Structures are given as structure tokens and as C-alpha cells.
Amino acid sequence: MALTLRRNRDRDLAPLAEMLTDAEIPLLNPNAKVPFDEVEWHRKWLGDSEDVSFYLQDATGRDVGFFALREGIGPEVRHLTYVYLAEEARGGAAAELTERVEQAARDLDALILTLKVDLDNAPAFNAYVSAGYEELSRRHGMATMRLDLEKRFAT
């Protein structure tokens with residue numbers, strides 16, 4: 001599946017709300033209210049002025065995914081948060097998803113990309129390992145991972 005990236009410049013969360021089922025909200029963010037509360041997401045989860053979110057679109061231009069990048073310990077580090085792919089876009093799209101995330105981080109002048117992934121989510125964990133992410137630590141059922149974008153795209 002060919003996915004294209006659309007930066008969410010207007011901070012519009014209606015497409016995300018349309019994609020998500022109530023059952024998927026806790027998987028995306030275990031602390032978020034169900035049903036989806038756009039005001040809560042703007043205030044608590046994507047409210048930092050440095051948060052940048054993106055939609056992934058399929059070949060028809062339909063939104064089929066979402067992710068956000070938060071500024072890390074400095075502007076050269078971006079932390080991947082709230083990754084979501086609609087059911088119909090899953091299955092073989094992991095490599096393309098990680099490519100789009102890396103592209104978005106580079107477009108924000110990031111040199112390092114970090115993330116946390118639930119160790120029970122083997123498909124996601126394995127996708128990040130396959131994409132070259134280095135596992136830094138494991139705590140509370142989560143793995144913290146890192147990708148050096150500068151090294152990866154130096155060739």
C-alpha cells in the first residue's frame with residue numbers, strides 16, 4: 001500500500017476520531033477518555049506547542065493512519081507518540097509507516113528519533129527492530145527505542 005504523508009497543520013483531530021473505534025482508543029492511549037474527546041486530546045495529549053501530528057493517506061487520499069512527534073530533550077530529538085493505522089491499512093504497511101515517520105522527523109530537522117512500544121505488541125516491536133531501531137531499556141512492560149537519523153541517512 002502506498003501511503004502519503006499529510007502534516008496536520010490545523011491540529012484537526014476529527015479524521016482521527018472518525019478512524020478510531022472506542023475499543024482502539026485505549027490501545028492508542030490507555031489514559032484517554034472513551035469515547036474520543038477532541039478537547040481532552042488538544043489539552044492533555046497533543047497540547048504542547050512543539051507537538052506536530054500527521055495523517056497517512058492511501059492512494060485515494062483517504063486518511064488511514066495518524067502519528068504525532070513531540071520534541072524530545074532538544075529540538076534535534078523527536079519522540080514518536082500515538083501511532084495508529086486503520087484496520088484496512090494494516091498488514092505489510094509497517095515498513096512504509098516507519099519510513100513516513102522518519103521522513104516527517106527529518107523534515108522537522110530531527111537527528112534522533114525515539115519511541116516507546118508495549119512489549120506485548122510484538123508486531124509493532126518487531127517492525128521497529130526491523131527498521132533499525134536500537135532498544136535502550138525495558139521498564140513496566142515498555143521498550144524505549146532509538147534511531148539515529150543522521151547515521152541512517154548519511155549514505
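Guide: Begin with burial. A residue is called buried under 20% relative accessible area, exposed over 50%, and partly exposed in between. Keep in mind that this is a predicted model.

Visitor: Is Glu18 buried or exposed?

Guide: Glu18 has a relative accessible area of 69%, so it is exposed. Glu18 sits in helix α1, which spans residues 14-19.

Visitor: Which residues gather with Glu18 in a patch of negative charge?

Guide: The surface patch of negative charge brings together Asp10, Asp12, Glu18 and Glu38.

Visitor: Now take Leu20. Is Leu20 buried or exposed?

Guide: Leu20 has 8% relative accessibility and therefore counts as buried. Leu20 belongs to the loop between α1 and α2, the latter being residues 25-28.

Visitor: Which residues does Leu20 touch, not counting residues up to four places away in sequence?

Guide: With those sequence neighbours left out, Leu20 touches Ile25, Leu28, Phe36 and Tyr84. For Leu20 and Gly65, the separation is 45 residues in sequence, and the C-alpha to C-alpha distance is 9.7 Å.

Visitor: Where is Thr81, and which residues does Thr81 touch?

Guide: Thr81 is in strand β4, residues 77-85. Its contacts, again not counting residues up to four places away in sequence, are Phe67, Ala68 and Leu69. With a relative accessible area of 12%, Thr81 is buried.

Visitor: How should I read a salt bridge?

Guide: Side chains of opposite charge can pair when their charged atoms come close. The cut-off used here is a side-chain nitrogen of Lys or Arg within 4 Å of a carboxyl oxygen of Asp or Glu.

Visitor: How many salt bridges does this rule give?

Guide: The count is 10 salt bridges. One of them joins Asp63 to Arg6, with the closest N and O atoms 3.1 Å apart. Asp63 is in strand β3 (residues 63-71) and Arg6 in strand β1 (residues 4-7), so this pair ties together parts that are 57 residues apart in sequence. As for accessibility, Asp63 is buried at 17%, whereas Arg6 is partly exposed at 28%.

Visitor: What can be said of the salt bridge between Asp51 and Arg70?

Guide: The side chains of Asp51 and Arg70 meet at 2.7 Å, N to O. Asp51 lies in the loop between α3 (38-45) and β2 (52-57) and Arg70 in strand β3, so parts that are 19 residues apart in sequence are tied together by the pair. Asp51 counts as buried at 6% relative accessibility, and Arg70 as partly exposed at 25%.

Visitor: Which residue forms a salt bridge with Asp37?

Guide: Lys33 does, the closest N and O atoms being 3.5 Å apart. Asp37 is partly exposed at 23% relative accessibility, and Lys33 is also partly exposed, with a relative accessible area of 47%.

Visitor: Which residues are linked in a network of salt bridges?

Guide: Glu24, Glu87 and Arg90 are linked in such a network.

Notes:
Residues numbered from 1 in each chain as written. Predicted model: local features only at pLDDT ≥ 70, side-chain atom pairs only at ≥ 80, totals over all residues. Heavy atoms only, no water. Patch = residues over 30% accessible without salt bridge, like charges linked within 9 Å, V, L, I, M, F, W, Y side chains within 5 Å. Areas by Shrake-Rupley, 256 points an atom, 1.4 Å probe, with all protein chains shown as cover. Lys, Arg positive; Asp, Glu negative; His and termini not counted. Charge placed at Lys NZ, Arg CZ, Asp CG, Glu CD. Helix = DSSP H or I, 4+ residues; strand = E, 2+ residues; numbered from the N terminus. Buried < 20%, exposed > 50% of the residue type's maximum accessible area, 1.4 Å probe, protein only. Contact = heavy atoms within 4.5 Å.
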